[in-house]
Amino acid sequence: MDGIALLTVTVLAVFVGFEVVSKVSSTLHTPLMSGANAIHGIILVGAIIVAGQASDPWVLTVALLAVVLATANLVGGFVVTDRMLEMFRGRKREVTAAKKPEAKEGMR
Amino acid sequence: MTLIDPVWTSLLYLAAAVCFILALKGLNSPRTARRGNLVGAFGAALAVATVFMSVKMDNVPWILGAMVVGSGVAAPVARQVKMTQMPQLVALFNGVGGGAAALVALLELAHTEDPWVRVAIVFTLLVGAVSFAGSAITFSKLQELMTTRPVVFAGLPTLMGAVLLAAVGAAVAVVFSGSLALALLLLVLGLAAGVLLVLPVGGADVPIVISLLNAFTGLAVAASGLVLGNVLLVVAGTLVGASGTILTRAMAAAMGRSVAGILFGAFKGGSTAGSTAVSDRPVRSSSAEDVAVLLGYAQRVIIVPGYGLAVAQGQHTAAELALALEARGIDVDFAIHPVAGRMPGHMNVLLAEANVPYESLKEMGEINSEFRTADVALVVGANDVVNPAAKTSAGSPIYGMPILEVADARQVVFLKRSMRPGFAGIENELMYEPQTTLLFGDAKESLTKVLSAVKAL
């Protein structure tokens, strides 16, 4: 893609980014941060491209290090965000989920 | 060999970019958030599959092996990490992302002659390295591998200035020469700048640093997208940059300070204007049983959890107390100040983990008008975020910081360790008001006592 087209996409992405993110409820700011963190793990695509073109063993080593770091970022980011969001429950589900352990405690 | 046509490559990257936007859009509400995150993960998988099919690839087994190693390390950590340790983990992932971007830029230097591409490369190198080193220091502070206090020494501002100046010089030289040795020097200078940036920041200001480094990594990834001519990286990086910027600004606003003031405040050796002499005016301290009576016969209780609650690991007890009060027909909400916890929104996650439904977690703007109708405001391990001095005393270091208006409630109960002032080092006049009751002790122990007393009512 040529420079001007990339620049156009960049500028538009800035506006989309601010538009979408400013609507995120502040209750979810931590998942927002860890989700955004996961998204920048997509640098993996860049790391794979570089590693795929490497012929020198040193270059390959550095590129593979980048692949390891980026994969850790990407996979870990999405997994931990999912774990966090799973915990945000509404009132209805919460009542059934919270009552049960209490009943068990009573039996003990 | 390439399996698919370049047009398809572009379309699949576009689809992945849309997935990322939808992932962030899902976070508008806790109901749609989890699905959004899965859409984002799908987009990432799609993008990775696309890159393997679209470029001529060598070393495929090696690359796949590196991916297995990366996910093999990260997934178990992500599954097991404690919610109180979330800020550390986010800092860690943030750092490795920035590091990966810097390495990619370093290796791309050999593939280009275009000075504009080199500009994007030096930018990625520098910002990625700052993010990597800064995150590493943030991680060490949060994990308490090093002191959480601001680390300041005499020549720090001068040293920082010199490093930045040298980095700019090296960056310009790389753009004109394309020299790999100078690029490595730039990388080292970037790492040094990252360390120097975070060292003087104190523990309570960490939320802002995490947000800022998040924005930095986003920018580094977006710039690496310009280097590789890859739209997806540009869009993804820009989205992250936007989220980091917005969160940084939100945190600064919630502290009533400027971003620059927080980052460079320690350089000046922040003098606290507030009275340091602890006054011996009388306060009304009380027993857990009395507090339980206050709470148990109220109609509406608002709990204000602060960082002290998280430190004492008392969030589960607080949630149980809320449940016990609700069982008595009392209306209970949690009022969350934006800087409660060690990263933006951290307290919400801690309480969600303790099974508090998200409808009960109220933001500052939403709950402030409701304190008027509350019988009791129960402040647990918080101080500065409820200190009226932020509104009334113009000389106070926290003047201008938005606070939770607990003084509007009919009764205020503080669960506090001691009369020691909060992080800002200033006294809280609210403690001496006639409507205020204090219960001294560790937040979790006090909550446990109050909880059993409420159950005994």
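Two residues count as in contact if their C-beta atoms, placed from the backbone, lie within 7 Å. Helices (H or I, at least four residues) and strands (E, at least two) are DSSP runs, numbered from the N terminus. Axes are lines fitted to C-alpha atoms, for helices over the stretch in contact, and angles run from 0 to 180 degrees between N-to-C directions.

This is a predicted model: local features need pLDDT of at least 70, side-chain atom pairs count only at pLDDT 80 or more, and totals for chains, interfaces and linings use all residues. Residues are numbered from 1 along each chain as its sequence is written, while chains are lettered from A and ligands numbered from 1 in the order in which they are written.

**Stop 1: chain B as a whole**

Select chain B. It has 17 helices and six strands. Its C-alpha trace spans about 75 × 50 × 35 Å along the principal axes. The radius of gyration, taken over C-alpha atoms, is compared with a globule rule of 2.2 Å times the number of residues to the power 0.38. For 457 residues a compact globule would come out near 23 Å, and the 25 Å of chain B agrees.

**Stop 2: the sheet of chain B**

Select the six strands of chain B. They form an open, parallel sheet in the order β3-β2-β1-β4-β5-β6. Two strands pair if DSSP finds at least two bridges between them. The edges are β3 (361-363) and β6 (436-440) of chain B, each pairing on one side only. Neighbouring strands are turned by 25° against each other on average, direction ignored.

Now pick β1 (300-305) and β4 (376-380) of chain B. They pair in the parallel sense over five bridges. Click B:P305; its bridge partner in β4(B) is B:V380.

Helix α13 (315-327) of chain B lies across β1, β2 (331-336) and β4 of chain B, at about 175° to β1(B). Helix α17 (443-456) of chain B lies across β4, β5 (411-416) and β6 of chain B, at about 130° to β5(B).

**Stop 3: a helix pair inside chain B**

Select α8 (206-228) and α9 (231-255) of chain B. The axes of α8(B) and α9(B) come within 7 Å and cross at roughly 160°. That makes α8(B) roughly antiparallel to α9(B); angles over 145 degrees count as such, under 35 as roughly parallel, 65 to 115 as roughly perpendicular and the rest as oblique. The crossing is left-handed: the near helix is turned anticlockwise from the far one by less than a right angle, whereas clockwise would be right-handed.

The α8(B)-α9(B) contact has 17 nonpolar, twelve polar and no charged residues. Ala, Val, Leu, Ile, Met, Phe, Trp, Tyr, Cys and Pro count as nonpolar, Asp, Glu, Lys and Arg as charged, and the others, Gly among them, as polar.

**Stop 4: where chain A meets chain B**

Show both chains. The contact takes 79 residues from chain A and 93 from chain B. On chain A, α4(A) gives the largest share, 28 residues. The chain A side has 50 nonpolar, 22 polar and seven charged residues.

Contact residues include A:L32, A:M33, B:V240 and B:L247.

Finish with α3(A) and α2 (30-54) of chain B. Their axes come within 9 Å and cross at roughly 15°. That makes α3(A) roughly parallel to α2(B). The crossing is right-handed. A:L44, A:V45, A:I48 and A:I49 meet B:A47, B:V48 and B:V51.
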